[in-house]
Amino acid sequence: MFDVGCFKIKIMSDPIIDLHSDDYFMGEALRQAAKACEKGEVPVGAVVVRAGRIIARAFNQVEELKDATAHAEMLALTQAENAMGDWRLTDCTLYVTKEPCPMCAGAVVHTRLARVVFGAADPKGGAAGGALNLLQFPTLNHQCEITSGVRLEECRALLQGFFAEQRRAKKNGESSPMEL
């Protein structure tokens, strides 16, 4: 059981695995998402990996920073650019717990990431194959590899639990974590 502050979720303990595996790095993104939840943010976490090493970690901070662009992906990409000393992230992989939105997918294309790995799909607003696919749009200057569904159940449960708590609080006239 994993207590993320606003509710409890069962997150599998990391198995003994190769540290370069998608499961391991998605676990790190899930840890970031849990931090977002604890702060009352939509629980999305992201890490950027280069050569088997995490070079950036971030979680949603839209409410805390009062910045609509402070998505986990955007913050992680900025950290990665700083770590690399270049805006081009051509040999990096982004791991994110939820399918990137159009804004984040646009940033992925512009930074020329090699690969995006995400957990939960977003059929209404995702831009990596959900509602549309900007990451492999044929007329853009860059396309990247996409891997979806990594640790899907955990990523989905975190998001569903958060929004269920938001609805419950609203129904009961309570302040939701996002309103505090």
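The model is predicted, with local features needing pLDDT of at least 70, side-chain atom pairs counting only at pLDDT 80 or more, and totals for chains, interfaces and linings using all residues. Residues are numbered from 1 along each chain as its sequence is written, and side-chain values use heavy atoms, leaving out hydrogens and water.

**View 1. Tyr24 and Phe25 form an edge-to-face pair.** The structure holds three aromatic pairs (ring centres within 6.5 Å; planes under 30 degrees apart are stacked, over 60 edge-to-face, the rest tilted; for Trp the six-membered ring is used). In this one, the centres of Tyr24 and Phe25 lie 5.2 Å apart with the planes at 75°. Tyr24 is partly exposed at 23% relative accessibility, while Phe25 is buried at 2% (buried is under 20% relative accessible area, exposed over 50%, partly exposed in between, with a 1.4 Å probe and protein chains only).

**View 2. Phe25 also pairs with Tyr95.** Here the centres are 5.3 Å apart and the planes at 40°, so the pair is tilted. Phe25 sits in helix α1 (residues 22–38) and Tyr95 in strand β5 (residues 92–98), 70 residues apart; helices (H or I, at least four residues) and strands (E, at least two) are DSSP runs numbered from the N terminus. Tyr95 is buried, at 3% relative accessibility. Ring pairs link Tyr24, Phe25 and Tyr95 into a cluster.

**View 3. Helix α1 meets helix α5 (residues 152–171).** Their axes (lines fitted to C-alpha atoms over the stretch in contact, with angles from 0 to 180 degrees between N-to-C directions) come within 10 Å and cross at roughly 5°. That makes α1 roughly parallel to α5 (under 35 degrees; over 145 is roughly antiparallel, 65 to 115 roughly perpendicular, the rest oblique). Met26, Leu30, Ala33, Ala34 and Cys37 in α1 contact Glu154, Cys155, Leu158 and Phe162 in α5, with contact meaning heavy atoms within 4.5 Å.
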